[in-house]
Amino acid sequence: MSADINKLEQIASQVRRDIVRMVHACQSGHPGGSLGCTDYFVALYFNAMKRNPSFDMDGKGEDLFFLSNGHISPVFYSTLAHAGYFEASELATFRKINSRLQGHPTTHEGLPGIRIASGSLGQGLSVAIGAAQAKRLNKDNNLVYVLMGDGELQEGQVWEAAMYAPHNKIDNLIATVDYNNAQIDGSTDQVLSLGDLRAKWEAFGWDVMEVTKGNDMASVVAGLEEAKSRTGKGKPVVILLHTEMGKGVDFMMGSHKWHGVAPNDEQLASALNQLTETLGDY
C-alpha cells in the first residue's frame, strides 16, 4: 500500500508547530535540527516502521528506533505524542522541572517510546548495533533504526561502531545521518570537515544511500523504503539524508544560529503564521 504523502505532510506541519511552541514556552531547546528532521521522523513513525501500539522496553516483534543526537528531542517528543505513545497535552511540560520531557531524552521517568538516554553525542550507533545483534540472537527479523547528526560524526566512537557493524555483517540495521552541514559553532566544514562522507562509509563496508531531498516527504518515504529493501544482504545500511536546519520557518533556515536558540514572542508568531495547524495545537 502506498503512503498517503498528503496526510504525512499534514502531520509534519503540526509537529513543526509543536516544536516552535515547545521551545518558545520554556525559552530553551533546539528548534533548528528538530525542524530539519521532522519529515524523517514522520515518515519513519507513520509509514516505515513496524511498531506496536503498546510500548515495552524489549521491543520484541517490532522495529526499534534510537535517537543519538538527543538534543533534537522536541521533534522526537511531538512525533511520539501524535503516534499515540502519550497525550499531546504533555508537550506543554517540555523542559519543566519534574517533567518527563526533558531537554535530552531519559529513561528513568519511564516515558513511552524512549529506550535510551541520549544527548551525549556519538553513542547511539553503538546502542543500535547492540540492539540489532540482540534481535538476531532472538530470531527477531525486525529492523533497528538510528539517527545521528552530521556534526556527531566528529566523535571517534561513531567510527569504532562503523567498523564493527560490517565486520559482523549486521544487516538488520538502518542508520541515518542528518546531513545539514550545520552544528552549534558553525558549518561542519568550518568546525571539523567531514570530507567525502559517502566514500568514508563505503570504505568502512556499509551500503550507502543518499536522499538529496531530505525535506521532501515523498523523497524521504521512498528513501526509507529503498533502505528497507537493502537490509538482509550482509551489510548495514546508512542513509545520508540532506536536510536544512530550521526547515519550514524562513528566518531559521540556512543558519546554524538556530541550533539551540528559542524564538521570542514575535518570532513565534511569525513561525506559526508559516505552519498550518492540522491536528490541533496542544
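**Ground rules.** I note that this is a predicted model, in which local features need pLDDT of at least 70 and side-chain atom pairs count only at pLDDT 80 or more, while totals for chains, interfaces and linings use all residues. Residues are numbered from 1 along each chain as its sequence is written, and side-chain values use heavy atoms, with hydrogens and water left out.

I placed Asn180 in the loop between strand E3 (173–179) and strand E4 (182–183); helices (H or I, at least four residues) and strands (E, at least two) are DSSP runs numbered from the N terminus. Setting aside residues up to four places away in sequence, I found Asn180 touching Asp150, Thr243 and Met245, with contact meaning heavy atoms within 4.5 Å. I then turned to Asp178, which lies in strand E3 and is buried, with a relative accessible area of 4%. Its contacts, leaving aside neighbours within four places in sequence, are Gly33, Cys37, Leu147, Met148, Gly149, Asp150, Leu241 and Thr243. I also noted that Asp178 and Ile239 are 61 residues apart in sequence and 8.7 Å apart in space, C-alpha to C-alpha.

**Thr188.** I found Thr188 in helix H7 (residues 188–192), and at 1% relative accessibility Thr188 counts as buried. Not counting residues up to four places away in sequence, Thr188 touches Asp150, Gly151, Gln154, Asn181, Ala182, Gln183, Ser193 and Leu194.

**H1 against H4.** Two packed helices are described by the angle between their axes and the distance between the axes, so I looked up both values. The axes of helix H1 (residues 5–26) and helix H4 (residues 73–82) come within 9 Å and cross at roughly 130 degrees; axes are lines fitted to C-alpha atoms, for helices over the stretch in contact, and angles run from 0 to 180 degrees between N-to-C directions. H1 and H4 are therefore oblique to each other, since angles under 35 degrees count as roughly parallel, over 145 as roughly antiparallel, 65 to 115 as roughly perpendicular and the rest as oblique. The contact is made by Gln14, Val15, Asp18, Ile19, Met22 and Val23 of H1 and by Pro74, Val75, Tyr77, Ser78, Thr79 and His82 of H4. I sorted these residues into seven nonpolar, four polar and one charged, where Ala, Val, Leu, Ile, Met, Phe, Trp, Tyr, Cys and Pro count as nonpolar, Asp, Glu, Lys and Arg as charged, and the others, Gly among them, as polar.

**Cover over H4.** I found H4 mostly covered, nine of its 10 residues being buried, and what covers the buried residues includes H1, helix H2 (31–36), helix H3 (38–48) and strand E1 (64–67). Just after H4, Gly84 takes a positive phi of about 95 degrees.

**Ala12 in H1.** I located Ala12 in helix H1, and at 2% relative accessibility Ala12 counts as buried. Leaving aside neighbours within four places in sequence, Ala12 is in contact with Thr38, Asp39, Val42 and Met217.

**H5 against H6.** I next took helix H5 (residues 124–137) and helix H6 (residues 156–167), which pack at an angle of about 25 degrees with their axes 9 Å apart. That makes H5 roughly parallel to H6. The contact is made by Leu125, Ser126, Ile129 and Gln133 of H5 and by Gln157, Val158, Ala161, Ala162, Tyr164 and Ala165 of H6, and these divide into seven nonpolar, three polar and no charged.

Gln27, in the loop between H1 and H2, has a phi near 50 degrees and, at 48% relative accessibility, counts as partly exposed. Asn98, in the loop between H4 and H5, has a phi near 70 degrees and is exposed, with a relative accessible area of 71%.

Notes:
Buried means under 20% relative accessible area, exposed over 50%, partly exposed in between (1.4 Å probe, protein chains only).
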